[in-house]
Amino acid sequence: MSEYVNMGNLTEMSMDEAIMVAGGGIVTLFLGCVGLAVSPTVACLCAPAGIALALTSGGAIINNLP
């Protein structure tokens, strides 16, 4: 039996559908890895931007691990 999330008065979504709508999944994991790989280069150009990219990408990876 699937778990459903009530998203309003007329909408029920499964957990997988809610994650897809929120932008999670494999694509987010891939983009997080790309961002983490590019962050040292960005940090050489602008340290605060590199740190922000690394933290954001790391957070996206942690939030979307299976």
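These are my notebook entries from a first look through this structure.

**Entry 1: the overall picture**

I started by reminding myself that this is a predicted model. I then counted the pieces and found 3 helices and 2 strands in the protein chain. Reading from the N terminus, I wrote the order down as β-β-α-α-α. Next I looked up how much of the chain is covered: of its 66 residues, 18% are buried. The accessible surface comes to about 5100 Å², and carbon and sulfur atoms supply 69% of that area. I also checked how far along the chain the contacts reach. Among contacts with a separation of 6 or more, 32% join residues 24 or more positions apart.

**Entry 2: helix α2 from end to end**

Does the length of α2 agree or disagree with its residue count? I noted that α2 covers residues 26-45, which is 20 residues. At 1.5 Å a residue the helix should span 28 Å, and its end C-alpha atoms are 29 Å apart, so the two agree.

I then followed the helix for bends. There is one of about 40° at Ser39, and Pro40 follows within four residues of it.

**Entry 3: the buried side of α2**

Which residues of α2 are buried? My list reads Thr28, Gly32, Gly35 and Ser39. These buried residues pack against α3, which runs over 47-63. Looking at the numbering, I recalled a handy rule: an α-helix has 3.6 residues a turn, so residues three or four places apart point the same way.

**Entry 4: Ser39**

I went back to Ser39, the residue at the bend in α2. Why does Ser39 count as buried? Its relative accessibility is 7%, and the cut-off for buried is under 20%, so Ser39 falls on the buried side. A polar atom of its side chain sits 2.9 Å from the backbone oxygen of Leu36. Setting aside neighbours within four places in sequence, I found Ser39 in contact with Gly50, Leu53 and Ala54.

**Entry 5: Val42**

Val42 is also part of helix α2. Here the relative accessibility is 23%, so Val42 counts as partly exposed. Beyond its neighbours within four places in sequence, Val42 touches Ala49, Gly50 and Leu53. I looked up one distance as well: Val42 and Ala54 are 12 residues apart along the chain, and their C-alpha atoms are separated by 9.5 Å.

**Entry 6: Thr28**

I moved on to Thr28, another member of helix α2. Is Thr28 buried or exposed? With a relative accessible area of 17%, Thr28 is buried.

**Entry 7: Thr56, on α3**

For a view from the other helix I picked Thr56, which is found in α3. At 57% relative accessibility, over the 50% cut-off, Thr56 counts as exposed. Its side chain reaches the backbone oxygen of Ala52 at 2.8 Å. I also looked across to Gly32, one of the buried residues of α2. Thr56 and Gly32 are 24 residues apart in sequence, and their C-alpha atoms are 7.9 Å apart in space.

**Entry 8: the cysteines**

Last, I turned to cysteines. How many disulfides are there? The count comes to 0, where a disulfide would need a pair of cysteine sulfur atoms within 2.5 Å. Cys33 has 46% relative accessibility and so counts as partly exposed. Cys46 is partly exposed as well, with a relative accessible area of 36%.

How values were computed
Residues are numbered from 1 along each chain as its sequence is written. This is a predicted model: local features need pLDDT of at least 70, side-chain atom pairs count only at pLDDT 80 or more; totals for chains, interfaces and linings use all residues. Side-chain values use heavy atoms; hydrogens and water are left out. Buried means under 20% relative accessible area, exposed over 50%, partly exposed in between (1.4 Å probe, protein chains only). The expected span of a helix is 1.5 Å times one less than its number of residues. The bend at a residue is the angle between axes fitted to the seven residues ending there and the seven starting there. Contact means heavy atoms within 4.5 Å. Accessible areas come from the Shrake-Rupley method with a 1.4 Å probe; for residues, only the protein chains shown count as cover. A polar contact is a pair of N or O atoms within 3.5 Å; within protein, one must be able to donate a hydrogen and the other to accept it, and residues adjacent in sequence count only if both atoms are side-chain atoms.
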